[in-house]
Amino acid sequence: MIVRERSDSLTRLDGIRVVVVDDAPIIRRFLSAALEAVRRERPDMLISDLEMPGKGGHWLIGQVRALAPESGGLTPAAALTGLHGPAHRASALRAGFQDHLEKPIDLQTLVSAVASLALYGREPAVPQPSGSLAAR
């Protein structure tokens, strides 16, 4: 559920491609298709509900993370869910999501999360110096 607010202060998402998976009956039929969409379309990010009958968001993110990087395995992802609290957030992050967004969510928070994760996915990795303390 998205709570609508005034749109004059929203961040623009022009050009950002997002795959959204929710537990609405029409979308449930496309859960497996969502995995194929990640492979085929290489979206800038994935937003998935966690609680869906049968295969849910934890299954989907596991399948996405099992893909090769060039097939979408590193696609930034957020869980958008009615499951609240630190334990559910930790579970989503351990499963492979980069963010845990709680329903109901206001439009600005959702747009900001999409923009942040989509940009995160576009940034090149920062190489670690070979002489760093972590390498010793």
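Trainee: Before we start, what is a nonpolar core here?
Mentor: A nonpolar core is a set of buried Ala, Val, Leu, Ile, Met, Phe, Trp, Tyr and Cys residues joined through side-chain atoms within 4.5 Å. Buried means under 20% relative accessible area, exposed over 50%, and partly exposed in between (1.4 Å probe, protein chains only). This is a predicted model: local features need pLDDT of at least 70, side-chain atom pairs count only at pLDDT 80 or more, and totals for chains, interfaces and linings use all residues. Residues are numbered from 1 along each chain as its sequence is written, and side-chain values use heavy atoms, leaving out hydrogens and water.

Trainee: OK. Which residues have the most contacts inside the largest core?
Mentor: Val21, Leu46, Leu60, Val64 and Phe97, in a core of 18 residues. Strand 2 (18-21), helix 2 (31-41), helix 3 (57-65) and strand 4 (77-81) each supply at least two of its residues. Helices (H or I, at least four residues) and strands (E, at least two) are DSSP runs, numbered from the N terminus.

Trainee: Which element gives the largest share?
Mentor: Helix 2, with four residues. There is also a second, separate core of twelve residues, including Ile16 and Leu110.

Trainee: Switching to the strands. Which faces of strand 3 are covered?
Mentor: Both. Met45 and Ile47 are buried on one side, Leu46 and Ser48 on the other. Strand 2 has a covered face, Val19 and Val21, and an uncovered one, Val18 and Val20.

Trainee: And in what sense do strands 2 and 3 pair?
Mentor: Parallel, over four bridges. Two strands pair if DSSP finds at least two bridges between them. Val19 has Leu46 as its bridge partner. Strand 3 also pairs with strand 4 in the parallel sense, over three bridges, and Ser48 stands opposite Ala79 there.

Trainee: New topic. How many salt bridges?
Mentor: Four in the whole structure. The criterion is a side-chain nitrogen of Lys or Arg within 4 Å of a carboxyl oxygen of Asp or Glu.

Trainee: Which one links distant parts of the chain?
Mentor: Asp49 with Lys103, closest N and O atoms 3.1 Å apart. Asp49 sits in the loop between strand 3 and helix 3, Lys103 in the loop between strand 5 (99-102) and strand 6 (105-106), 54 residues apart.

Trainee: Are those two buried or exposed?
Mentor: Both Asp49 and Lys103 are buried.

Trainee: What does Arg89 pair with?
Mentor: Asp99, at 3.4 Å, N to O. Asp99 lies in strand 5 and Arg89 in helix 4 (residues 86-95), so the pair ties together parts ten residues apart in sequence. Asp99 counts as buried because its relative accessibility is 19%. Arg89, at 35%, counts as partly exposed.
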